[in-house]
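Have a look at the model first.

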Amino acid sequence: MLSRHQDPIIAIATAPGRGAVGIVRVSGPQLKVWAEAFCGKPLQARQAHYLPINDAKGEPIDQGLAIFFPGPHSYTGEDVLELQAHGGPVVLQLLLARCIELAQTPHPHTGQALLPELRLAQPGEFTQRAFLNDKIDLAQAEAIADLIDASTSAAARSASRSLAGDFSKEIHTLRDGLVHLRMLVEATLDFPEEEIDFLQKADAQGQLERLQAQLNKVLLRTQQGALLREGIKVVIAGQPNAGKSSLLNALAGAELAIVTPIAGTTRDVVQQTIQIEGVPVHIIDTAGLREGEGIDEVEQIGIQRAWAQIADADAVLFLHDLTRQTAPAYVQADQQIQDSLSQQLPKSVALLHVWNKFDLAPSAQNSAELGSQAHPSHDVFLSAKTGHGIEQLRAKLLQTAGWQPANEGLYLARERHVQALQRVQSHLEIADGHLRTQAQSLDLLAEELRLSQTALNEITGEFNADDLLGVIFSSFCIGK
């Protein structure tokens with residue numbers, strides 16, 4: 001994609017299907033001659049022109065608006081023509097075809113095609129050009145896609161803040177402090193006999209410590225922003241008839257899963273995304289985990305899929321049935337599941353014990369029993385049928401995910417941003433050790449600071465990495 005970034009490009013910029021208005025967008029260098037030939041009249045910059053849109057034979061396609069944005073004062077930094085017509089798919093395809101057809105028409109004076117290199121845009125190519133032309137940085141470009149894909153209102157607002165540059169400003173502030181510290185350290189390498197006194201007078205240690213403290217704050221906010229974007233994957237697991245499907249329905253507030261007293265009713269994975277305080281939570285109901293006779297082939301496949309979902313979860317709700325907590329066979333089967341979870345779950349995956357059917361187990365309502373060794377205080381007791389304890393479980397899920405409430409002004413972030421900042425944190429920790437040993441390790445200190453800056457630059461895209469750019473922009477829709 002990058003090798004052809006000088007070609008003029010065109011795409012339908014509105015979603016597929018019918019709509020009141022449809023948009024065709026064209027971007028490229030020196031579009032004005034072609035744009036005025038298409039519109040049949042001179043175009044004033046950034047003014048809407050109402051005009052007929054005809055085909056090559058002069059037959060009308062539609063009546064619409066044309067707006068010309070001369071570069072660099074446009075979304076992409078190039079000349080941009082935006083055509084607005086009625087939003088029927090056939091109309092927009094005819095409009096697109098007419099644009100491409102006219103591009104090959106000879107110029108009346110030169111005889112050359114008006115816009116010979118015009119081609120259909122690839123996914124994300126308009127935004128990629130905005131990035132390449134320094135209209136936005138890479139974090140802001142990602143925020144455009146995140147704003148489009150936002151699944152909650154909190155995520156949409158946070159994506160808007162990232163698009164406005166809030167996240168980028170924090171990264172630039174970190175980078176500026178890091179560059180200043182690098183300048184001090186690298187300057188001393190040319191004067192080894194004075195380097196220690198020079199760094200002490202410049203308070204290099206204090207600068208590094210302040211930089212680390214600032215980084216920790218940015219990292220925390222970035223982790224919260226990534227959580228707001230990605231959400232958490234929560235798998236409900238347990239024996240058949242423990243109430244897994246009922247719990248899914250209770251959390252989702254809708255009858256999504258079939259609930260019956262027949263063991264093995266849930267044969268496949270059922271998933272629903274809900275939001276808790278604006279955080280997307282992907283709840284997954286799985287087939288009941290059991291072993292032994294009476295399991296048909298379909299249920300066995302469902303159990304295998306359940307374990308696959310558990311292995312990929314951020315948190316697992318191990319659901320227990322309070323009405324069967326004294327039944328030896330049930331307790332033994334629960335223990336087998338517990339042993340399997342202990343062996344297979346990564347340490348990073350949280351395991352919450354949830355005790356269901358609170359309304360049907362009067363003995364469980366005894367406060368002394370709830371605090372006993374059999375039921376630790378951090379367990380969650382609820383009734384999926386009545387809703388008792390559901391809010392407590394919601395709060396527990398957020399706490400487990402590391403969500404901190406009242407995050408005002410939070411910006412949206414991605415996991416790659418978190419990983420980059422964690423690398424910066426690691427390099428600065430090593431740099432701190434080198435600085436404390438002073439003269440013997442200043443060249444190593446300078447290298448760790450350089451690596452820290454490189455990791456920061458990855459976030460805003462101030463580096464050459466065509467593969468990463470291709471991955472990021474290929475996830476966009478065509479007209480962006």
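Predicted model: local features only at pLDDT ≥ 70, side-chain atom pairs only at ≥ 80, totals over all residues.

Residues are numbered from 1 along each chain as its sequence is written, and side-chain values use heavy atoms, with hydrogens and water left out.

(Buried means under 20% relative accessible area, exposed over 50%, and partly exposed in between, using a 1.4 Å probe and protein chains only.)

**A buried glutamine**

Glutamine 224 belongs to helix H8, residues 204-230. (Helices are DSSP runs of H or I with at least four residues, strands are runs of E with at least two, and both are numbered from the N terminus.) With 3% relative accessibility, glutamine 224 counts as buried. Its side chain reaches the backbone oxygen of glycine 402 at 2.7 Å.

**Pocket and cavities**

On a 1 Å grid over the protein atoms alone, a cavity is a set of points where a 1.4 Å probe fits but cannot get out; a pocket is an open set with protein on both sides within 12 Å along at least five of seven lines; lining residues have an atom within 4 Å of a point. Points are joined across faces, edges and corners, and a volume is the space filled by probe spheres set on them.

The largest pocket has a volume of about 460 Å³. It is lined by 21 residues, and the closest to its centre are Leu227, Gly231, Ile232, Asp314 and Ala401. H8 gives the largest share of that lining, six residues.

The whole structure has two cavities of 30 Å³ or more:

| Cavity | Volume | Some lining residues |
|---|---|---|
| Largest cavity | about 50 Å³ | including Ala139, Glu142 and His417 |
| Second largest cavity | about 40 Å³ | including Leu174, Val424 and Ser452 |

For the largest cavity, helix H4 (residues 138-149) supplies the largest share of the lining, four residues. In the second largest cavity, H6 (166-188), H8, H14 and H15 (442-460) each supply at least two lining residues.

Definitions and conventions
Polar contact = N/O pair within 3.5 Å; in protein donor to acceptor, adjacent residues only side chain to side chain.
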